[in-house]
Amino acid sequence: MYLIYNNDGSIRFAITSDYIMQGSNNVNHIDIAVDNRSVSTYTCDCLFTLPNSSTITLAGSVQNFAYSGINYSGYRIWLSSAVLAYAGTLHFNIRLYNSVGDILYTYQYSQTVNASSLSTDWEAPITQGQYNSFMALLTTYINAYDTHLIRKYATYAEAVADIDNLSLSQHVLVDSLGTYNVYYKSNATTLTLLNVPTNWTDIYDYIGITKQELTALGFNNLVEYIDSNDIQSISFSLLTGVLTATITLKSGLTKTDSIDLGSNFNTKQVQLEIDNAQNVNINHAQNTADTAQSTADTAVANAQTAQNTADEALALANTKNKSYSFLTYNDMKNALASAVSTIYHVGDNLYIEATESPDYWVSKVNVSPSGDYGYYEIKELEIDTAGFAKQVDLDTTNGNVATNTSDITYIQDNYATDLELATTNQNV
């Protein structure tokens, strides 16, 4: 909701059409500003009159926001769960004050707070706590076993134990001392590590770069580096008993190395005159040249293998959406707000480990930052609950629930072996 005044006190925008749900907390908010007026010269609050006639006053906090393509510096007032505790008509009285506390402007309007589903009558009532607990169990089950989500395991052993529930080539995350390794199901019984290169020795030997240096390059520069250092051609020359190999790189640079055949192969008696060539043990030189050629060929093959590995890694990095995990919603919000526009991409998943918060995905990357998430716009990950029972009768120790065995049996047969759903496999 937006309330924006012109500098003369007239209303520029008054947008008050949000859908408000009973009991929601800090979901809806009002952004308030006076055009071309510094927030240092005024403050604001809102007096809420609830459907039960009680009142709550909330002060605005300084907030930069954008509306209709224009950036404003003003105030934001969040609608807390206390304000939205009751369904019915909620009255707003927004008040702006000058620096000495006199009222500058006021704006009154009303909106409907829509009743939550828990406010309707149930055939067999359960407590709100029981309902929330049951929905949390269903969410945990869906997060763990819905194939469109990436599964997370605490150990590799746990991942292998669950391999029958994975589809072929499905990717999973396995915790490793606080970081996650990516595995994929390569066949019916094997999980293969995806994101750790295994041939760093060859890379170092043949393109002259360490693991740390290669990692620091990043994927965008990796292919360019390999191309510029890859071998383009190899040539040999034999002059007065010295064999010289010249390697020309794609970058145009050349590297040479020589072997004195007389010193290294005990052929000082070799005479290079053509008429005495039949007496020269030229086979040693030829074998050495063949060995050098073979070694060079192997270097070319290994360098090409390294380039192919890098190309595959680059393709994977450029074509796969990424997933990020945060402890709380605020951690995610702060990370997005402080990130530049190239860190996250449309389609990236944003998982919240706190069970009371939904997960999100990046729906849009803006040209300039605005709102709570900087450059980014996000949406909640939707969970398809079609097929689940809409009401479940549960036995409780205090006896206030009537047992409906058909509903419980349906859930047991279709979604779990019992109502104590496994929570070992957490979604990220």
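Visitor: Which residue is the bridge partner of serine 325 in E19?

Guide: The partner of serine 325 in E19 is tyrosine 351. This is a predicted model, in which local features need pLDDT of at least 70 and side-chain atom pairs count only at pLDDT 80 or more, while totals for chains, interfaces and linings use all residues. Residues are numbered from 1 along each chain as its sequence is written, and side-chain values use heavy atoms, with hydrogens and water left out.

Visitor: What is the bridge partner of tyrosine 324 in E19?

Guide: Tyrosine 324 has leucine 350 as its bridge partner in E19. Strands E18 and E19 (residues 349-352) pair in the parallel sense over four bridges. Two strands pair if DSSP finds at least two bridges between them. Strands (E, at least two residues) and helices (H or I, at least four) are DSSP runs, numbered from the N terminus.

Visitor: What is the order of the open sheet of four strands?

Guide: The order is E18-E19-E20-E21, and the pairing is mixed. Strand E18 (323-326) and strand E21 (376-380) stand at the edges with a single partner strand each, so one side of each has no neighbour in the sheet. Neighbouring strands of this sheet are turned by 30 degrees against each other on average, direction ignored. For such angles, axes are lines fitted to C-alpha atoms, for helices over the stretch in contact, and angles run from 0 to 180 degrees between N-to-C directions.

Visitor: Where does helix H8 lie?

Guide: Helix H8 (residues 329-338) lies across E18, E19, strand E20 (360-365) and E21, and runs at about 145 degrees to E19. Contact here means heavy atoms within 4.5 Å. E18, H8 and E19 make a right-handed β-α-β unit. A crossover is right-handed if, with the strands pointing away from the viewer, the path from the first strand over the helix to the second runs clockwise.

Visitor: Changing topic: how many bridges join E15 to E16?

Guide: Eight bridges join strand E15 (residues 231-239) to strand E16 (residues 242-249), and these strands run antiparallel. Serine 235 is opposite threonine 246 in E16. The hairpin of E15 and E16 has two residues between the strands, and threonine 240 in this hairpin takes a positive phi near 45 degrees.

Visitor: Which residues touch the most other members in the largest nonpolar core?

Guide: Of its 29 residues, Phe48, Phe92 and Leu96 touch the most other members. Strands that each supply at least two residues of this core include E5, strand E9 (88-98) and strand E10 (103-114). A nonpolar core is a set of buried Ala, Val, Leu, Ile, Met, Phe, Trp, Tyr and Cys residues joined through side-chain atoms within 4.5 Å. A second, separate core of 13 residues includes Ala354, Tyr360, Val362 and Tyr376.

Visitor: How many aromatic pairs are there?

Guide: The count comes to 13 aromatic pairs. Rings of Phe, Tyr and Trp (its six-membered ring) pair if their centres lie within 6.5 Å; planes under 30 degrees apart count as stacked, over 60 as edge-to-face and the rest as tilted. The rings of tyrosine 2 and phenylalanine 65 have centres 6.0 Å apart and planes at 40 degrees, so this pair is tilted. Tyrosine 2 lies in strand E1 (residues 2-5) and phenylalanine 65 in strand E7 (residues 61-67), so the pair ties together parts that are 63 residues apart in sequence.

Visitor: Is phenylalanine 65 buried or exposed?

Guide: Phenylalanine 65 counts as buried, at 3% relative accessibility, whereas tyrosine 2 is partly exposed, at 22%. Buried means under 20% relative accessible area, exposed over 50% and partly exposed in between (1.4 Å probe, protein chains only).

Visitor: Which residues is aspartate 31 in contact with?

Guide: Leaving aside neighbours within four places in sequence, the contacts of aspartate 31 include Tyr2, Phe65 and Arg76. Aspartate 31 is in strand E4 and is buried, with a relative accessible area of 0%.
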